[in-house]
Amino acid sequence: MSIRKLTPFAVAIALTGCAEPAPEPEVEAVAMSDEEAIAALGDYWETHYNMQHPDMVASKYVDDAWTAPADGGWLEGQEEIEGWLTEATASSPAAEITPAETIILGDKALSMGRYAVSTTGPDGNPMEFSGAYMNALDKVDGEWMIVGSMSNYDSPRPDGWEWNAMPDGDAPPDVDNQFSALVDEFESAWNAQDAAGVAATFTDGSMAAFSNGPVMMGPGGIESGMAERMQEGVTIEIHQVNADQIDDTHWGSGGWYEMRGPDGSAVQTGMWWNIIAIQDDGSPKIHWSISNAFPMEM
């Protein structure tokens, strides 16, 4: 589908005697820029989600798309994504999507922003929640389509919320690649309660949206935000399971993590996804990062 705007026009028809009707003027189609088309995709997603049209929303994902939604689980393919959307829209939620930044990389693109939803909670009372999202997109036959997506909550969800089940079986194995040292640097700084060290793994124009917290912008915002998030004796173990090249200077890398308390017991686990930007000196840094979390007992 081509997303186009039509210029306004008026048609005057002369009906004098046996005269032929005046021809209608040609309508000039105004093509959107890639940024406008991706913004329109967000509007389409929001509109049809709110109208309880899960099939129409799912149609904007490629056949083998994946998503790691805020409410847990891992979904692959249009069919699974439509099933999740069908359940998510059953309570007639009202969603508002606020895009923040888009990066166009030829026929690939990355976008991130925030969302807010008003709905009915498990107890039948009104409930609101919000969080961040990050999307990877491909231009397919001239149309921008969602390839991958992750979202999270910026505060803990209320008790009684039904979470998506995680996939059965063992977690995928860790990979050792050119970004392993960056993962280790982040993990070591976190476990040393070194907020500045965590921030040093990010680019100047970075964004971090970690589970159950607000979006943090830039190394300064990430440092101050991490200083507030870090808890004495709580450590993190990060597992990287894939890294995919987007273009010459951008990669997508993801995996899962587990946080443990002072007594060694697991206190949080979830998934993460980084967009890595290669710097002028060839070193990798995190440009965008998002993580979500799900209950330890499901």
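This is a predicted model: local features need pLDDT of at least 70, side-chain atom pairs count only at pLDDT 80 or more; totals for chains, interfaces and linings use all residues.

Let's start with helix α3. This helix covers residues 77–88.

Now, which residues of α3 are buried? They are Gly 77, Ile 81, Trp 84 and Leu 85. These residues cover an arc of only 105° around the axis, which means they lie on the same side of α3. Here is the background. An α-helix has 3.6 residues a turn, so residues three or four places apart point the same way.

What do those buried residues pack against? Four elements: α1 (34–50), α2 (54–58), β3 (61–68) and β4 (75–76). Turn to the other side of α3. There, Glu 79 and Glu 87 are exposed.

Next, a single residue. Ser 130 is in strand β7, which runs over residues 126–140. Buried or exposed? Ser 130 has 18% relative accessibility. The cut-off for buried is under 20%, so Ser 130 counts as buried.

Who is around Ser 130? Leave aside its neighbours within four places in sequence. Then Ser 130 is in contact with Arg 114, Tyr 115, Ala 116, Asn 152, Tyr 153 and Asp 154. Look at Asp 154 in particular. Its side chain makes a polar contact with the side chain of Ser 130, at 2.8 Å.

Last stop: strand β13, residues 266–278. How many of its residues are buried? The count is 10 of 13, so to speak mostly covered.

β13 has a partner in β12, residues 250–260. The two pair in the antiparallel sense, over 11 bridges. One of the bridge pairs joins Tyr 257 to Gly 270 in β13. β12 and β13 form a hairpin, with 5 residues between them. In that turn, Gly 264 has a positive phi of about 90°.

β13 also pairs with β14, residues 284–291. That pairing is antiparallel too, over 7 bridges. Here Trp 272 stands opposite Ser 291 in β14. β13 and β14 form a hairpin with 5 residues between them. The turn holds Gly 282, with a positive phi of about 90°.

Notes: Residues are numbered from 1 along each chain as its sequence is written. Side-chain values use heavy atoms; hydrogens and water are left out. Buried means under 20% relative accessible area, exposed over 50%, partly exposed in between (1.4 Å probe, protein chains only). Two strands pair if DSSP finds at least two bridges between them. A polar contact is a pair of N or O atoms within 3.5 Å; within protein, one must be able to donate a hydrogen and the other to accept it, and residues adjacent in sequence count only if both atoms are side-chain atoms. Contact means heavy atoms within 4.5 Å. The expected span of a helix is 1.5 Å times one less than its number of residues. The arc is that of the directions from the helix axis to the C-beta atoms.
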